[in-house]
Amino acid sequence: MLKVYGFSRVNKMARGKTRDLRVLWALEEMGLPYEIVGMDHPKHDLDTPAYRALNPFGQIPVIDDDGVVVTESGAILLYLARKSGKLMPRDLAGEAQVLRWCVAALNTIEVPILTAWFADLNGGKGTKASDALHQWGDMRLKQLDGWLAGREFVATDEFTVADLLMTHVLGAGIDESVVKDYPNVLAFQKRCIARPAWKKTFDAYCDRVEAD
């Protein structure tokens, strides 16, 4: 049975936004069986030697697929897509587009948005550095908005792991403040989170994961 190491308890601010949701959503979309290994972040479960042997960075998520250990949410999604044959085109050209947009989600989009958030959280709000980060993020979102004009999904004509990843990077509808000024991005996000697999995943997460 495929094991997913995900949170069982996490700090209140992070609850509902953690990256194990990306993996759990993908598994629901793919219909793959799995079991969750609950990790208590406030009790430092991620700092144990056993967990660091799986992920030296002490981060969530991790999967263990009968001895195949994969970390990093993007890598896990791509592995699961190849394993299941779902949420990924079977032709090389289509697969290349999914790879392209997975990397874009984690690099071009997430880096400025997440860095700006982290800087503001740690006293940087209103500084030149913070303003520059927000301008960088706004530029990338405007460019993404242009790309999504007339497109239902980001990489291909069908929903793929690239859409799942991009949606979660942009807040998965939990906080629309990031995308509210970009109508095509907002509409894209709403299409993706309307999928039954996301609702099932998020509801189960909220029932299971405690806030510290």
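Modeller: Two residues are taken to be in contact when heavy atoms lie within 4.5 Å. The model discussed here is a predicted one.

Biologist: Which residues does Leu80 touch, not counting residues up to four places away in sequence?

Modeller: Leu80 belongs to the largest nonpolar core, which has 58 residues. Leu80 is listed there with Leu144, Val154, Met166 and Leu170 among those with the most contacts inside that core. In soluble globular proteins, nonpolar side chains tend to be buried together. Once residues up to four places away in sequence are set aside, the residues touched by Leu80 are Leu2, Val23, Leu27, Met30, Leu32 and Ile63.

Biologist: Is Ala81 buried or exposed?

Modeller: Ala81 is placed in helix α3, residues 73-84. Beyond its neighbours within four places in sequence, Ala81 is in contact with Met30, Lys86, Leu87, Met88 and Val161. Its relative accessible area is 1%, and the cut-off for burial is under 20%. Ala81 is therefore buried.

Biologist: How are α4 and α5 oriented to each other, roughly parallel or roughly antiparallel?

Modeller: Helix α4 covers residues 92-124 and helix α5 residues 128-148, and their axes are 9 Å apart. The packing angle is about 150 degrees, and angles over 145 degrees count as roughly antiparallel. The crossing of α4 past α5 is left-handed. The orientation of α4 and α5 is therefore roughly antiparallel.

Biologist: How do the residues of the contact of α4 with α5 divide by class?

Modeller: From α4 the contact includes Trp101, Ile109, Val111 and Asp120. From α5 it includes Leu133, Trp136, Arg140 and Leu144. By class, the residues of this contact are twelve nonpolar, six polar and three charged.

Biologist: Which residues does Pro112 touch, not counting residues up to four places away in sequence?

Modeller: Pro112 sits in helix α4 and is buried, with a relative accessible area of 1%. From Pro112 to Leu141 the separation is 29 residues in sequence and 10 Å in space, C-alpha to C-alpha. Apart from residues up to four places away in sequence, Pro112 touches Asn107, Leu133, Trp136, Gly137 and Arg140.

Biologist: How is α6 oriented to α7, roughly perpendicular or roughly parallel?

Modeller: Helix α6 spans residues 161-169 and helix α7 residues 183-193; their axes come within 10 Å and cross at roughly 115 degrees. The orientation of α6 to α7 is therefore roughly perpendicular.

Biologist: Which residues in α7 are met by α6?

Modeller: The crossing of α6 and α7 is left-handed. By class, their contact has four nonpolar, two polar and one charged residues. On the α6 side stand Asp163, Met166 and Thr167, and the residues they meet in α7 are Phe188, Gln189, Cys192 and Ile193.

Biologist: Is the peptide bond from Ile60 to Pro61 cis or trans?

Modeller: Most peptide bonds are trans. Pro61 lies in the loop between α2 (49-54) and β3 (62-65). Omega of the bond from Ile60 to Pro61 is near 10 degrees, and the bond is cis.

Biologist: Is Asp66 buried or exposed?

Modeller: Most residues other than glycine have a negative phi. Asp66, in the loop between β3 and β4 (68-71), has a positive phi of about 50 degrees. The relative accessible area of Asp66 is 65%, and the cut-off is over 50%. Asp66 is therefore exposed.

Biologist: What is the phi of His44?

Modeller: His44 lies in the loop between β2 (34-40) and α2. The phi of His44 is a positive value in a residue other than glycine, near 70 degrees.

Key:
Residues numbered from 1 in each chain as written. Predicted model: local features only at pLDDT ≥ 70, side-chain atom pairs only at ≥ 80, totals over all residues. Heavy atoms only, no water. Core = buried A, V, L, I, M, F, W, Y, C linked by side-chain atoms within 4.5 Å. Buried < 20%, exposed > 50% of the residue type's maximum accessible area, 1.4 Å probe, protein only. Axes fitted to C-alpha atoms, helices over the stretch in contact; angles between N-to-C directions. Helix = DSSP H or I, 4+ residues; strand = E, 2+ residues; numbered from the N terminus. Parallel < 35°, antiparallel > 145°, perpendicular 65-115°, else oblique. Left-handed = near helix turned anticlockwise from the far one by under 90°. Nonpolar A, V, L, I, M, F, W, Y, C, P; charged D, E, K, R; others polar.
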